[in-house]
Amino acid sequence: MSYDRLTRPLVRENGALREATWAEALDRAAEGFRRNVAEHGPDCFAMLSCARSTNEMNYVGQKFTRVVIGTNNVDSCNRTCHAPSVAGLSAVFGSGGGTSSYQEVEDTDVIVMWGSAARNAHPIFFQHVLKGIRNGARMFAVDPRRTGTAQWADLWLGLNVGTDIPLAHAVAREIIHAGLHNEAFIERATVGFAAFKECVEPWTLTAAEQVTGVPAAAIRELAHAYARADRAQLCWTLGITEHHNATDNVRALINLALLTGHVGRYGSGLSPLRGQNNVQGGGDMGAIPNRLPGFQDILDPDLRARFESAWGAPIQPRYGLNLTQMLEGMAEGEVTTCYIVGENPVQSEADSLACAKRLAMLDHLVVQDIFLTRTAQMADVVLPASAAWCEAEGTFTNSERRVQRVRKALEPPGEARDDIWILCELARRLGHDWAYDGAEEVWDELRSLSPQHRGMSYRRLTELQGIQWPCPSEDALEPPYLHGRLWESDPERRGAPAPFAVLEHSPPVDLLDEEYPLRLTTGRRLDSYNTGVQSSGFASPLRRGETVELCPEDAQRLGVAAGEDVRITSRRGSVVAPVFIDPALRPGLVFMTFHFPDDVDVNSLTIEATCPIAGTAEFKAAAVRVEKLVKAG
Amino acid sequence: MIPLQPPRRLIDVQIDDETVRVPEGATILDACRAAGKDVPTLCHGDTLTPKNACRVCVVEVEGARTLAPACSRKAEAGMKVGTGSERARHSRKVVLELLGSSVDLSTTPRAAEWTAEYGADPARFGADAATVEQPAKVDNDLYVRDYSKCILCYKCVDACGEQWQNTFAIGVAGRGFDGTISTEFDAPLTDSACVYCGNCVEVCPTGALSFKTEFDMRAEGTWDESRQSETTTVCSYCGVGCNLTLHVQDNKIVKVTSPHDNPVTKGNLCVKGRFGYGYV
Ligand code: SF4
Ligand code: SF4
Ligand code: FES
C-alpha cells in the first residue's frame, strides 16, 4: 500500500476527520492541550518526538514539552530500537554515543559484527567494513542467521536467539584464562573487575556451547582474535537491543571492550548502528525524558538552572515518562493527551493491538506527520508537516555522531508546513512567543546551551561536511573516537573509571514449548523500511511482500512449499503469510519483517516484554508455531 | 597489525611552465588540475582505481618515449609535464574520433565540446562504424542500460565489484572486439544479483547507465538540466547518514547522486537512498 502526502490540516468532527484551515486546526490542537493540563496537571501530556526529523525540530519539540506544557514526558522511537545502547554506553562512559568513526572500521585489525545484518540494513556502513576486510582486517559475525554480513565473515558464530550474554561471558572467560586481558588498562581505567571475573567463571567454553549453540572452538577463536588484536571494533544493531534484557546485552559487549582495552583509541571502539536517520540526534537534543539538550542530566540542579534562565521557565526536577511508561499511563488514565510528531506507534510497537487500544483511550491526540498513518487516523487533529530531509533546513546526527546539514530542495505539497513553524504556532497559542528566524537560529540557541555542540556553526558544518560531537570549540576538532581520557596516565585527566557489569543470563521471556516450538526473530530487508510507509513509495524490483522465512528442514518437516500460505501463531496473535525458504536459517528459527503491516501484521505476534532499564521490547524473540493451512471442504 | 598510512609529503611538479605542489602519490591529472589545466578524461573516476582504458587524457612527460595517461601515472618530484603539445592533442583527437564513431556520445558530458576543441571528425569512418549500436535494455523501474553509449571503461564493473559494492552483478563478457558489459548469462537485471544500489550509474561517464526517470524524460523531451537545481542533503532512511545530492526539476526529484568527496558515502548509496524518494 502506498500513502498520499497530507496536504491540508484535518480535525475530527462527529467521529470523522475533515479538512480544516490551519487556524482552526492549531486552535483545536492547542485548546485540547490546555484543557487537559488544566484538568489533570502537566504530566497528563506526553510527546513523541520524531527521530526522522531534524535536530532543530527535536530541540524545539522537547522545549515545547518542558517549557510550554511543563513536563518531561518526551520520548521518541529511539525507545523501540537503540535506547539500550544509549543506556548501556552512558552507564559505563557517561555518554550515550557510539565511540568510533566509520573510517576507523577501515583501519582496524578485527571487526566483530554482533547481531547486525549490516550488509542489508546499513549497506553504506558495510562498505566501510568491506574496505576494512580488504585492508586485511578479520571479521566475525555473531548472529542467529547466516546473513549477508555473515557471508563476508572469517567466522560466523550462529548463536541461539537470546544467548548473547552467555556467549560474551564465555569469550571473556576465555580471554581471562588465556591471560589475554589488558591488565594495565583494567587496573587504571576500570572498576569491578574482580566481581566480573567471578560472574563469567561458570561460562566455560563447554557450558557456553550447550546454551548458545556455538561450537567451543569458534568461541575460543573469537576470544583470542579480539583480545590479541592491536585494534578492534565491536559493532552491534537490533539483534542486541531488541530484547527484554537489552541493556544487559549491551553491557556484556562493553565488558569485552573494557577487558581488552578496545575502546578510547583510534581503531578500537564500540559502534551501535542506528536504524533511523536521526535517532542519535533526537536523544542528543533532549527529546528523551531524562536528559536536557547536549545529553545533560535533568537531575543536575546547576544544569537545570542554566536552562531555566535561558528559557525563562522552571524545569521539573525529575525524569519524565518514557514511551513504554507513557503507554502504560494511557492505560491507567494518567496520560490523557498526546502530541505525536512523525511516529507511527500503532504499527511500530510490539503487540500492536494493545497500543492502538491505549491511544484510543486518550482525551486528545494530535498527530503531525507527512502521511495519514494508522496512528494519524486515530487523531483528533492532524497537522500536515514537511519532509524533514528535503523540504526543510536543519541538521541530522548519524551513528558516528557526525552532525550534517540537511537542506531544502523541494517545496512541501499543498499547505504542508515546516515542523518548527507548527510547533511555534502551537506554543504561541499557549502563551509563548518564540520567533525563530529559521533553523539556524534554533541551532545557535542549542549551541549556546550544549557544550558538546558549541563549535558547530552551520558555516563550519558545511565546510567540513559535518562534524562529530563533541565539538566544544569553534577553532579545533576533537579526535574521531570518544573516551581517549581512559588512557591518560594522570588520574585527574583520566576521570571516572568505567565499571564492569555483573550480568546474569536471562533467556527470552516467551518460552518455547510444544505448542509454540519455533523461535520467530524479526529484522529488515534491504529495499524496505520499517512499517513500509516510506519505502512503499518506489517500485523496488527486489520486493516480494511479506513472507515467513523458514529453513529447508523446517519447511520439509511441516510439509510446506515455497509460496504456500501458512498460519503463524504466537501467544498473542495469528497471521497468514506465504513461505519463503532460506537456507541461511537454522532449524527452529523463523524470520519475518514489519515492512507490510497492512498485509501481515507481524507485530501482533511479537511480545511486549520490555527491558526494564531502556523500555525496548523483545521484538527479536517470539515463540510461534507455523501451520499448514488445511483447505476447506 | 595493519599499518596506518604515514602522513604524505608534498612534491613539486612542473605543469607546462608552472610549478605546482601536490601530495606524494598524486597523479599527473591531480597536478594538472591543481595548475588549473583542463585535461579531458572519460574512463577516469575520482572514487575508483584508474584503469587507463580510454587514453583521452594523455600528456607529454619530458624524457619519456611514449605519451603518459595523466589519470593513472603518478606525479614525481621534478617531473616536467606538457599538457597541450601537438602530439598529445593529436592523440586525443584520434581517440575521440574512434570513440565518437563507434559509440553514441550524445549524453557524455563535454564530449561535443572536446570533439570541437580537438577538431575530431567521428564521421570520417562512415555510418557502419557504429559497432555497438543496440536497443536500450529496460528491464526494471529504476535504471536503464543503453549500451549503444558504452565506451567499455569498466567503471561500472569496478563499482559493482571489489572496489565498492562487492555484489559482482555485472562483469565483462567476451574478449577483444566482442567485449561487452553484461550480467551473468546476459540475464535481465531482475534475474541477476543486482541490488539496485545505482553505484554503477553514479560512475558511468557516458550516460549508458541512467535513471529510468532521466531516460523517460529524455525520450519525452522534457529532460532539461538548465532548469534543474542540485541540493545536497542527508538520506531519510537508516542512521548511517549518507549524503544525497537531489537533482530537482519542477519541484520533483528527477535523480539522486552522491558527493564523491563525502567521508560517509564516498559517492555510493543503497537502493533506498538512490531510488527510495518517491514517497515525498
Ligand atoms: S545497481 Fe549496484 S548491484 Fe546493480 S549492477 Fe549496479 S552497482 Fe551492481
Ligand atoms: S556502462 Fe558506463 S561505466 Fe560501464 S563500461 Fe560502459 S561506459 Fe563504462
Ligand atoms: S581518462 Fe585517463 S585513460 Fe581514460
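The model is a predicted one.

In general, nonpolar side chains tend to be buried together in soluble globular proteins. The surroundings of A:L383 may be described in more detail. Beyond its neighbours within four places in sequence, A:L383 is in contact with residues including A:W22, A:L26, A:Y339, A:V366 and A:I422.

In one of them, the ring centres of A:F33 and A:Y339 are 5.5 Å apart and the planes meet at 35 degrees, so the pair is tilted. Because A:F33 belongs to helix α1 (residues 22-40) of chain A and A:Y339 to strand β13 (residues 337-341) of chain A, this pair ties together parts that are 306 residues apart in sequence. A:F33 is buried, at a relative accessible area of 1%, and A:Y339 is likewise buried, at 0%. Another tilted pair is formed by A:W443 and A:Y458, with 6.5 Å from centre to centre and 35 degrees between the planes. Here A:W443 lies in helix α23 (residues 439-449) of chain A and A:Y458 in helix α24 (residues 458-463) of chain A, so the parts tied together are 15 residues apart in sequence. A:W443 and A:Y458 are both buried. Ring pairs also join A:F33, A:F45, A:F64 and A:Y339 into a cluster.

Helix α11 of chain A (residues 205-212) has A:L205, A:A208 and A:T212 as buried residues. These residues lie on the same side of α11(A), because they cover an arc of only 65 degrees around the axis. An α-helix has 3.6 residues a turn, so residues three or four places apart point the same way. The buried residues of α11(A) pack against α8 (164-177) and α12 (216-228) of chain A. On the face turned away from the buried side, α11(A) carries the exposed residues A:T206 and A:Q210. Just after α11(A), A:G213 adopts a positive phi of about 80 degrees.

Ligand 2 is surrounded by 14 residues, of which B:C150, B:C153, B:Y154, B:C156 and B:C204 are the closest. The shell around ligand 2 comprises 12 nonpolar, 1 polar and 1 charged residues.

Key:
Residues numbered from 1 in each chain as written. Chains lettered and ligands numbered in written order. Predicted model: local features only at pLDDT ≥ 70, side-chain atom pairs only at ≥ 80, totals over all residues. Heavy atoms only, no water. Near = heavy atom within 4 Å. Nonpolar A, V, L, I, M, F, W, Y, C, P; charged D, E, K, R; others polar. Contact = heavy atoms within 4.5 Å. Buried < 20%, exposed > 50% of the residue type's maximum accessible area, 1.4 Å probe, protein only. Helix = DSSP H or I, 4+ residues; strand = E, 2+ residues; numbered from the N terminus. Arc of directions from axis to C-beta. Phe/Tyr/Trp six-rings, centres within 6.5 Å; stacked < 30°, edge-to-face > 60°.
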